[in-house]
Amino acid sequence: YRAASLITAKLIQKDFPNDTASAYLLGIAYQGNKQFKAAIGEFQQAVEKNPTATASLTALVKAFLALGRPDDALKWLNRVVQRAPGHAVAYNLKGEVLLSRKKFDQSIQAFRKAIDIQPKWDIPYSELAEVYLAKKDADDAMRAYEEGIKATGYAQRLVLNLAALYEARGDHDSAIAQYDELIDKYPSSMEAANNLAMMLVTYKSDKPSLVRAKDLVRRLENSTNPAYLDTLGW
């Protein structure tokens, strides 16, 4: 299948030589065949043709990182933001690369730039919190999550992360409060129901909490997720 995908991608590029998507697809095919240098060449062409092509830029950065070439990834990201200064994804990727190199202050600046450009996008807030956690600064990580929750209109992933951080710090009541509010806003959230039920049976012993936990896990009964079934078992 990998060889066939490469042949097909080459045919597509032959028919559409100026199309960004054809270079991207050929790069993916090369990557699948472990021809990483060739893949990088195609991703570079795609980004040159269209610096705002998010998938191509992301694939290029990931390929550089996989080969242990973060400096090359940063060079390309800097080129892209010079040509497309409103490219939030490029700044977010830049923050990720800088974080991987433990350049925390520069990483924070990059994530902040992504947030300035696209304030309702939840990922940069989560990444920003990861920087602070890497710096052993849980308070600023919490503030990053809280800022993101407010700016994004209550992004579910940020609330889950914040609740998990409260739990890790031993503040179980605050974690439970976060899950409670999340379920109020997203009643169908299986993850919130699972996490809250597990917290209630782990940290609470009063009858109302245990009854609530039992009620929450009823929605997990038909799940095929092993973690949810484990909670149901508890």
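# A tour of the helices and loops

By the ring-pairing rule, the count comes to one aromatic pair. Before you select it, note that this is a predicted model.

**Stop 1: the ring pair**

Select Y24 and F43. Their ring centres are 6.1 Å apart and their planes meet at 40°, so the pair is tilted.

Now show the surface. Is Y24 buried, partly exposed or exposed? Its relative accessibility is 24%, so Y24 counts as partly exposed. Turn to F43. F43 has 0% relative accessibility, so it counts as buried.

**Stop 2: the loop between α2 and α3**

Stay with these two helices and select K34. K34 lies in the loop between α2 and α3. Check its backbone. K34 is not a glycine, yet its phi is positive, at about 60°. K34 has a relative accessible area of 58%, so this residue is exposed.

**Stop 3**

Two packed helices are described by the angle between their axes and the distance between the axes. Look for both values at this stop.

Select helix α5 (residues 70-83) and helix α6 (residues 88-100). Their axes come within 10 Å and cross at roughly 155°. Angles over 145 degrees count as roughly antiparallel, so α5 is roughly antiparallel to α6. The crossing of α5 and α6 is left-handed.

Which residues make the contact? From α5, show P70, A73, L74, L77, N78, V80 and V81. From α6, show A90, Y91, L93, K94, V97 and L98. Colour them by class. The contact of α5 with α6 has eleven nonpolar residues, one polar and one charged.

**Stop 4**

Follow the chain out of α6 and select K102. K102 is in the loop between α6 and α7 (104-117). The phi of K102 is near 60°, a positive value in a residue other than glycine. With 63% relative accessibility, K102 counts as exposed.

**Stop 5: helices α9 and α10**

Select helix α9 (residues 138-152) and helix α10 (residues 156-168). They pack at an angle of about 155°, and their axes are 9 Å apart. That angle makes α9 roughly antiparallel to α10. The crossing of α9 and α10 is left-handed.

Bring up the side chains. On the α9 side are A138, A141, M142, Y145, E146, G148, I149 and T152. They meet L158, V159, N161, L162, L165 and Y166 in α10. By class, the contact of α9 with α10 has ten nonpolar residues, three polar and one charged.

**Stop 6: helices α10 and α11**

Show the contact from each side. α10 brings Q156, V159, L160, L162, A163, A164, Y166 and E167. α11 brings H172, S174, A175, Q178, Y179 and L182. The contact of α10 with α11 has nine nonpolar residues, four polar and one charged.

**Stop 7**

Move on to S189. S189 is in the loop between α11 and α12 (190-203). Its relative accessible area is 5%, so S189 is buried. Now draw a line from S189 to L160. The two are 29 residues apart in sequence. In space, they are 11 Å apart, C-alpha to C-alpha.

**Stop 8: L220**

Select L220. L220 is in the loop between α13 (207-217) and α14 (226-233). Is L220 buried or exposed? L220 has 0% relative accessibility, so it counts as buried.

What is L220 in contact with, leaving aside its neighbours within four places in sequence? Show M190, N194, Y228, L229 and T231.

End with one more distance. Go back to M142 in α9, which meets α10. L220 and M142 are 78 residues apart in sequence. From C-alpha to C-alpha, L220 and M142 are 29 Å apart in space.

Definitions and conventions
Residues are numbered from 1 along each chain as its sequence is written. This is a predicted model: local features need pLDDT of at least 70, side-chain atom pairs count only at pLDDT 80 or more; totals for chains, interfaces and linings use all residues. Side-chain values use heavy atoms; hydrogens and water are left out. Axes are lines fitted to C-alpha atoms, for helices over the stretch in contact, and angles run from 0 to 180 degrees between N-to-C directions. Helices (H or I, at least four residues) and strands (E, at least two) are DSSP runs, numbered from the N terminus. Angles under 35 degrees count as roughly parallel, over 145 as roughly antiparallel, 65 to 115 as roughly perpendicular and the rest as oblique. A crossing is left-handed if the near helix is turned anticlockwise from the far one by less than a right angle, and right-handed if clockwise. Contact means heavy atoms within 4.5 Å. Ala, Val, Leu, Ile, Met, Phe, Trp, Tyr, Cys and Pro count as nonpolar, Asp, Glu, Lys and Arg as charged, and the others, Gly among them, as polar. Rings of Phe, Tyr and Trp (its six-membered ring) pair if their centres lie within 6.5 Å; planes under 30 degrees apart count as stacked, over 60 as edge-to-face and the rest as tilted. Buried means under 20% relative accessible area, exposed over 50%, partly exposed in between (1.4 Å probe, protein chains only).
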